[in-house]
Amino acid sequence: MSEQTGKVDDSQSPPKVQKKLRKGDLVKVDREKYSNSLESKASDTNLPEYIFQGPGEILLIKGDYCQVRWRRPVPDVWINSDHIVSY
């Protein structure tokens with residue numbers, strides 16, 4: 001008999017599934033995740049508060065980036081999907 005009773009092999013466990021973002025989802029930018037990213041160091045330090053308060057709507061998803069439209073008369077922006085959360 002094998003001694004595998006009670007032991008779980010981690011290599012066969014399914015990975016944790018992160019909720020997928022989809023076109024039309026309402027989102028906002030997670031301030032903590034964004035401020036610790038490489039993108040924040042390459043961008044303007046004075047970001048508008050509305051991106052952190054939301055909601056913005058996802059228009060397109062390409063790779064790791066989402067095009068977000070805010071409910072204001074401002075241009076759409078591309079944001080890394082790691083930095084946005086559901087509204």
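**A tryptophan to start with**

So, Trp78 sits in strand β4, residues 77-80; strands here are DSSP E runs of at least two residues, helices are H or I runs of at least four, and both are numbered from the N terminus. Quick caveat: this is a predicted model, where local features need pLDDT of at least 70, side-chain atom pairs count only at pLDDT 80 or more, and totals for chains, interfaces and linings use all residues. Residues are numbered from 1 along each chain as its sequence is written, and side-chain values use heavy atoms, with hydrogens and water left out.

Zooming out, the protein has three helices and five strands, in the order β-α-α-α-β-β-β-β. It has 87 residues, and 25% of them count as buried.

Now the inside. The largest nonpolar core has 13 residues, and Val29, Trp70 and Ile84 touch the most other members. By core I mean buried Ala, Val, Leu, Ile, Met, Phe, Trp, Tyr and Cys residues joined through side-chain atoms within 4.5 Å. Two or more core residues come from each of β1 (26-29), α3 (50-53) and β3 (65-70).

Who does Trp70 touch? Leaving out residues up to four places away in sequence, its contacts include Val27, Val29, Tyr50, Ile51, Pro55 and Ile79, a contact being heavy atoms within 4.5 Å.

Definitions and conventions:
Buried means under 20% relative accessible area, exposed over 50%, partly exposed in between (1.4 Å probe, protein chains only).
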